Amino acid sequence: MKKATIAFRVLLGILFLFASLSYFFHWVDEPKSQGALLIFQEGMQAAVYLMPLVKGLELVVGLSYVSGKYVPLASLILLPISVNILLVNAFMSPKTLPIGIIVFLGNIFLLYRSWSHYQNVIKA
């Protein structure tokens, strides 16, 4: 199980590294969106700080996952982002839903594998 955790963590880290670095360095052109997804993306771009913040957090999480340092913290940082990725894909771009499911379930899996680190945080 430990090897599977490492493999999944590194693959998810590489995914987030590529997504964030391609945003900042424009490596890949984004596909044209339509309908509600286009309006949502334009709104995210209109809030000038939001996309650089999200992509910056994805960069930090990707570095953490690939290096294996601070993984429990990185998994917590990624949780709201992965929920948003899942919901945007589910409601606005169903054809890309599998990637949203993979990212969300991967994050939940890494949170589960790091559960002992959260025991003191959730005590009453």
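# Exercises on helix packing and aromatic pairs

Leaving aside residues up to four places away in sequence, Ser75 touches Tyr65, Asn107, Leu110, Leu111 and Tyr118. The exercises below concern a predicted model.

**Exercise 1.** Determine in which helix Ser75 lies, and whether Ser75 is buried or exposed.

*Solution.* Ser75 belongs to helix 4. Its relative accessible area is 0%. Buried means under 20%, so Ser75 is buried.

**Exercise 2.** Describe how helix 4 and helix 5 pack, giving the angle and the distance of their axes, their relative direction and the residues in contact.

*Solution.* Two packed helices are described by the angle between their axes and the distance between the axes. Helix 4 covers residues 71-92 and helix 5 covers residues 97-113; they pack at about 155°, with axes 8 Å apart. Angles over 145 degrees count as roughly antiparallel, so helix 4 is roughly antiparallel to helix 5. The crossing of these two helices is left-handed. On the helix 4 side, the contact includes Ser75, Leu79, Ser82 and Leu86, and on the helix 5 side it includes Gly100, Phe104, Asn107 and Leu111. By class, this contact of helix 4 with helix 5 has 15 nonpolar, 5 polar and no charged residues.

**Exercise 3.** Carry out the corresponding analysis for helix 1 and helix 5.

*Solution.* Helix 1 (residues 2-25) packs with helix 5 at an angle of about 135°, and their axes are 10 Å apart. The two helices are therefore oblique to each other. Helix 1 passes helix 5 in a left-handed crossing. Residues of helix 1 in this contact include Lys2, Arg9 and Phe16, which meet residues of helix 5 among them Val103, Asn107 and Arg113. The residues of the contact of helix 1 with helix 5 divide into 9 nonpolar, 3 polar and 3 charged.

**Exercise 4.** Classify the ring pair Phe18 and Trp27 and the ring pair Phe25 and Trp27, and state the exposure of Phe18 and of Phe25 and Trp27.

*Solution.* A pair of aromatic rings is described by the distance of the centres and the angle of the planes. The count comes to 5 aromatic pairs. For Phe18 and Trp27, the ring centres are 6.3 Å apart and the planes stand at 40°, so this pair is tilted. For Phe25 and Trp27, the centres are 5.9 Å apart and the planes stand at 20°; planes under 30 degrees apart count as stacked, so this pair is stacked. Phe18, Phe25 and Trp27 form one aromatic cluster. Within it, Phe18 is partly exposed, with a relative accessible area of 43%, whereas both Phe25 and Trp27 are exposed.

Terms used:
Residues are numbered from 1 along each chain as its sequence is written. This is a predicted model: local features need pLDDT of at least 70, side-chain atom pairs count only at pLDDT 80 or more; totals for chains, interfaces and linings use all residues. Side-chain values use heavy atoms; hydrogens and water are left out. Rings of Phe, Tyr and Trp (its six-membered ring) pair if their centres lie within 6.5 Å; planes under 30 degrees apart count as stacked, over 60 as edge-to-face and the rest as tilted. Buried means under 20% relative accessible area, exposed over 50%, partly exposed in between (1.4 Å probe, protein chains only). Axes are lines fitted to C-alpha atoms, for helices over the stretch in contact, and angles run from 0 to 180 degrees between N-to-C directions. Helices (H or I, at least four residues) and strands (E, at least two) are DSSP runs, numbered from the N terminus. Angles under 35 degrees count as roughly parallel, over 145 as roughly antiparallel, 65 to 115 as roughly perpendicular and the rest as oblique. A crossing is left-handed if the near helix is turned anticlockwise from the far one by less than a right angle, and right-handed if clockwise. Contact means heavy atoms within 4.5 Å. Ala, Val, Leu, Ile, Met, Phe, Trp, Tyr, Cys and Pro count as nonpolar, Asp, Glu, Lys and Arg as charged, and the others, Gly among them, as polar.
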